[in-house]
Every structure is written in C-alpha cells, then in structure tokens.
Amino acid sequence: MTTPDLHLEFLGEQQEVAVIRLTRVAKRNALNDALILSIRNTFENLPATVRAAVIDGQGDHFCAGLDLSELTERDAGQGLHHSRMWHAALERVQFGPVPVVAALHGAVVGGGLELASACHIRVADETAFYALPEGSRGIFVGGGGAVRIPRLIGTARMTDMMLTGRVYNAADGERIGLAQYLVPTGQAFAKALELAERVAQNAPLTNYALMHALPRIAEQPADQGYLTEAMMAAIAQSAPEAKERVRAFLDGKAAKVSKD
Ligand code: 1HE
C-alpha cells in the first residue's frame, strides 16, 4: 500500500514485478517505525500476480538507516521489542512470497544495509557506499544485521566496520560481497528491474527453493543439508512446469546456456 514514505507500483506485462520505493527523501529514507511497518505490510499483502520485487530509495541515498530521532525515547524493554519489530519486517522481505532485488545508490548505512542484506540480490551503482555507524553512535545493529551481514562479508569485516567506522565504496562493496552487481551511476534501478523481470520468469517452485530452502540448507550440518537438498530437488522436479521446461530444452525449444 502506498503511503507518503513508501511508494508501491507494479511493472511488467502481467504486473509481475512489484517496485517498492522508499520516498522519505527529506530524511534520506531513514526508517522510522511507521516505515518499517509499511515495509512489512507491503510484503505481507503483495498480490498473487507478483513474481519478483525491486526495492529502492528515492533521492540521493538508498537509506540512512534507523531514524535516530525515535531512538532517544526508548527504554531497554522497548528497545528489545523495537528490534524484534525490525526482525519481523525484514523476515517478510527475506522469507516472503517472492525474490527481492535491492537497487542501491548513495548511503546504504546502518539499518539501510540491514534492509539491503535481507534482499536476495543487491545491485549497486558507483555512488553507493556502505557503513555501520552504529559503532560510533554507541549502539548495536538491531535489524538482523548481526546475522545476515557476516554471512555476506564475514564476521571480521563486519567487526572492522563497526569498530572503526570503515566505509566501503561501491567497488570495494562489490568486491567483498555486499553487492553482487556494480553498474554505472544512475543505472541501479534499471539493472535491478531487468534482473527482477528475469527472476519472475523462473518456475515459482525454483524461486521458492532458492529463497526458503537454500539459506536453511546452508546452515545445516552437511549430512542433513544433503537430505534437505534431495527432498527439495524431488519436489521441484516433480512439478508439471519443471517437466515442461526440461522437455522444451530436449526438443530444442528452450534457450541454451550462453556466455554472451
Ligand atoms: C536522519 C538520519 C537518520 C539523516 N535518522 N534523521 N544512521 C546513521 O547514523 C546515518 C546518519 N545520516 C548520515 O550520515 C547522513 O544523513 C547521510 C550520509 C545518510 C546523508 O547525508 P546528507 O548530507 O545528504 O543529508 P543530511 O543533511 O545529513 O540529512 C538530511 C536530513 O535527514 C537531516 O534532517 P534535517 O531536519 O536537519 O533536514 C538529518 O538529520 C536527517 N537524517 N539520516 C534521523 N538516520 C535496527 S537498528 C539500526 C541502527 C542504525 O541504523 S544506526 C545508523 C543510523
């Protein structure tokens, strides 16, 4: 649902790509409680036509993180529940109905990086920069960053970012794994949309497996992971759509893998 701080639209022939845009430009898309709840609400209520999503930020920055003006009002118990509220919202992004591509530019900092980390693909343009200023603000990550960010870049790099205030530029961010794609300035959204449209063409069960099974398999001990993989593979390949797609390839009617 579109609000003053979050715009939702649907693109593609079948409205298959949801575009979710942070529009709190005056505050650099800082995430207050209302905006976090809007993100949660949006992912919980995507129409069934949607097969992939793009999230981006209006203005010069993707997201300045937690709205620090709300932080001063909380005691410890409220802080705990606030963090859990972020967890619930970003869980809907990561384990929601469809894969999400983040289009990053400018500041991707604090809670903004936590939001980006909950997405499945990150595309950054050359203006993007990444930081975890929580360290210098005397606080800690609270939006799932302690779980997700080490899985992207390793615990040592995250520790360094928070201890020293280190800022990664766009090129280094791609090098260490904060983004999977680096594109020229101003092209992050177009590339993210192109990728989302491609993701939307996959069999839904394949996308489901990648979103819901793969990250869990990766966390399992190997012997359990192999079994979960086998069960997911069996379910995916038994779907009629999988059989049709394989038949199309064998009949020479589906695209070959090409390096171009
Ligand atoms: C904000 C916020 C915010 C901007 N909360 N109001 N995040 C941070 O520590 C990052 C803080 N922000 C910045 O470092 C800079 O704002 C930016 C590098 C992102 C952008 O700089 P710039 O020069 O384009 O904008 P600005 O002039 O700094 O900010 C414009 C307005 O946005 C200004 O308000 P105004 O009323 O004076 O116009 C800023 O106060 C406001 N603003 N960022 C509140 N974050 C789940 S736990 C997660 C914990 C965290 O995320 S901690 C990290 C918080």
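## Ligand surroundings and a nonpolar patch

In the side chain of lysine 27, an N or O atom sits 2.7 Å from an oxygen atom of the ligand. Please keep in mind that this is a predicted model.

- Arginine 137 places a polar side-chain atom 2.6 Å from an oxygen atom of the ligand.
- Alanine 26 takes part through its backbone, where a polar atom is 3.3 Å from an oxygen atom of the ligand.
- The ligand on its own exposes 1000 Å², and the protein buries 65% of that area.

**The shell around the ligand**
- The ligand is surrounded by 22 residues, and the closest are Lys27, Ala64, Leu66, Gly111 and Arg137.
- By residue class, the shell holds ten nonpolar, six polar and six charged residues.
- At least two shell residues come from each of these elements: strand S5 (107-109), helix H4 (111-117) and helix H5 (134-137).

- Leu205, Tyr208 and Ile235 make a nonpolar surface patch of about 270 Å².
- Tyrosine 208, one of the residues in this patch, belongs to helix H10, which covers residues 204-219.
- Is tyrosine 208 buried, partly exposed or exposed? Tyrosine 208 counts as partly exposed because its relative accessibility is 45%, and the partly exposed class lies between under 20% for buried and over 50% for exposed.

Key: Residues are numbered from 1 along each chain as its sequence is written. This is a predicted model: local features need pLDDT of at least 70, side-chain atom pairs count only at pLDDT 80 or more; totals for chains, interfaces and linings use all residues. Side-chain values use heavy atoms; hydrogens and water are left out. A residue is near a molecule or strand if one of its heavy atoms lies within 4 Å of it. A polar contact is a pair of N or O atoms within 3.5 Å; within protein, one must be able to donate a hydrogen and the other to accept it, and residues adjacent in sequence count only if both atoms are side-chain atoms. Accessible areas come from the Shrake-Rupley method with a 1.4 Å probe; for residues, only the protein chains shown count as cover. Helices (H or I, at least four residues) and strands (E, at least two) are DSSP runs, numbered from the N terminus. Ala, Val, Leu, Ile, Met, Phe, Trp, Tyr, Cys and Pro count as nonpolar, Asp, Glu, Lys and Arg as charged, and the others, Gly among them, as polar. Patches are made of residues with over 30% relative accessible area and no salt bridge: like charges are joined within 9 Å, nonpolar side chains (Val, Leu, Ile, Met, Phe, Trp, Tyr) within 5 Å. A salt bridge is a side-chain nitrogen of Lys or Arg within 4 Å of a carboxyl oxygen of Asp or Glu. Buried means under 20% relative accessible area, exposed over 50%, partly exposed in between (1.4 Å probe, protein chains only).
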